[in-house]
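Visitor: I would like to learn how to read a protein structure feature by feature. Could we go through one together, with the general idea before each case?

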Amino acid sequence: MTDGKGLFITATGTDVGKTYVTALIVKKLREAGHSAGYCKAALSGVDRTAAGFHVDDATYVARVAGIAEREAEMFVPYVYGAAVSPHLAAKIEDNPVKIAVVKAVYEQALASYDFVTMEGSGGIVCPLRYDADAQLLLEDVITALGLGAIVVADAGLGTINATVLTVDYMKRRGIPVKGIILNRYDAADAMMRDNRKMVEVLTRVPVLACVKKGDTAIAIEAATLAGLYG
Ligand SMILES: Nc1ncnc2c1ncn2[C@@H]1O[C@H](COP(=O)(O)OP(=O)(O)OP(=O)(O)O)[C@@H](O)[C@H]1O
Ligand SMILES: [Mg+2]
C-alpha cells in the first residue's frame, strides 16, 4: 500500500534551512493530527559515533516533530561520513546511490505515512551519483518520484538572484514549484520585506510563509500545508 502523498523540500543552497523548515512543517502536520513523516535520499557529512551513525537531519526533524529517532532514520537510505556532495562521498565510500533503492524507501515511507516530506541535499543542482555506470542528479529523483517542491530561501541579501535562478531551473526541468518559504526573516528589515515581494513578482510563485530566527512553529494553516502534497 502506498497511499501517502509527498512533497519535496529544496533550497537555494546548503545550510539555508531545509531541515529547520521541514521539521516545522512535519511538526505542524502532526500537531493537526495527521500522520506525517520524513525522508531524505542521501545525507553526507554525518558523524560516526560509538553508537553508529548520527543521522543529523533525520534526528533533528524527529526531535522537533515528535517522531522516534530510529523511525525517522529508516527513511534515509544513503548516509556518508565525508562532508562533500553525495556523488563524491559515494565515490570515496564506494556506496553509489541507486534510484531503485531511493524509490523503494520512499514508497515504504508513503506506506507508513499520509504525508511524506522529502528533504533534498544541498541546492537544486546536486549530483547524487556520477560515475561510469550511472549519472543521477537530485532533480532526477524528484522527477522519478513525481514530486512537487517547495524552495526554502534565505530572507536576506542575495536571495532575489538565488531564488529566481533556482525556481527558473526547476521550471525548466518540469518540477512543479508549489511555493517559497523565506527563512531567517525579520519583518522589521525593509530589505527583507522587499525581498519577499520581489521574489514573488519575479518567480510568480507565492511566498507561503516566512520563518524567523528561532521560530518553533510555522505560520501556515495545516490544511494549506496538506494541500501542497500530491
Ligand atoms: N530560522 C532559524 N532559526 C534558528 N536557526 C536556524 C534557522 N534556520 C536554520 N537554522 C540553523 O542553521 C543551520 C543550517 O540549517 P539547516 O540544517 O536547516 O540547513 P539545510 O538547508 O538543511 O542544510 P543541509 O544542506 O546541510 O541539509 C542549522 O544549525 C539550523 O539549526
Ligand atoms: Mg538539512
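Guide: Let us begin with Arg204, whose place is in the loop between H8 and E12, where helices (H or I, at least four residues) and strands (E, at least two) are DSSP runs, numbered from the N terminus. Please keep in mind that this is a predicted model, in which local features need pLDDT of at least 70, side-chain atom pairs count only at pLDDT 80 or more, and totals for chains, interfaces and linings use all residues. Residues are numbered from 1 along each chain as its sequence is written, chains are lettered from A and ligands numbered from 1 in the order in which they are written, and side-chain values use heavy atoms, with hydrogens and water left out.

Visitor: What is the phi of Arg204?

Guide: Most residues other than glycine have a negative phi. Arg204 is not a glycine, and yet its phi is positive, about 60°. Arg204 is also exposed, because its relative accessible area is 72%; buried means under 20% relative accessible area, exposed over 50%, and partly exposed in between (1.4 Å probe, protein chains only).

Visitor: Where is Arg184 found, and what is its phi?

Guide: Arg184 is found in the loop between E11 and H8, and its phi is near 60°, a positive value in a residue other than glycine. With a relative accessibility of 33%, Arg184 counts as partly exposed.

Visitor: How many residues does helix H8 have, and how far does it reach?

Guide: The expected span of a helix is 1.5 Å times one less than its number of residues. Helix H8 (residues 190-203) has 14 residues, and from its first C-alpha to its last it reaches 20 Å, close to the 20 Å expected at 1.5 Å a residue. At its N-terminal end H8 is capped by Asp189, a side-chain oxygen of which lies 2.8 Å from the backbone nitrogen of Met191.

Visitor: Which residues of H8 are buried?

Guide: An α-helix has 3.6 residues a turn, so residues three or four places apart point the same way. In H8 the buried residues are Met192, Asn195, Val199 and Thr203. Seen down the axis of H8, these buried residues fall within an arc of 45° and so line one face of the helix, the arc being that of the directions from the helix axis to the C-beta atoms. The face turned away from this buried side carries the exposed residues Lys197 and Val201.

Visitor: What do the buried residues of H8 pack against?

Guide: They pack against helix H7 (159-172), strand E11 (177-183) and strand E12 (207-211). Not counting residues up to four places away in sequence, Thr163 touches Thr12, Ala153, Ile180, Val199 and Thr203, where contact means heavy atoms within 4.5 Å.

Visitor: What does the UniProt annotation "active site" cover?

Guide: That annotation, from an unreviewed entry, covers Lys40; UniProt positions are given in the numbering used here, feature names are shortened, and annotations may be inferred rather than shown by experiment. Lys40 is found in strand E2 (residues 36-40) and is buried, because its relative accessible area is 4%. Leaving aside neighbours within four places in sequence, Lys40 is in contact with several residues, among them Asp57, Phe75 and Glu119.

Visitor: What joins the side chains of Lys40 and Asp57?

Guide: A polar contact is a pair of N or O atoms within 3.5 Å; within protein, one must be able to donate a hydrogen and the other to accept it, and residues adjacent in sequence count only if both atoms are side-chain atoms. The side chains of Lys40 and Asp57 are joined by such a polar contact, of 2.8 Å.
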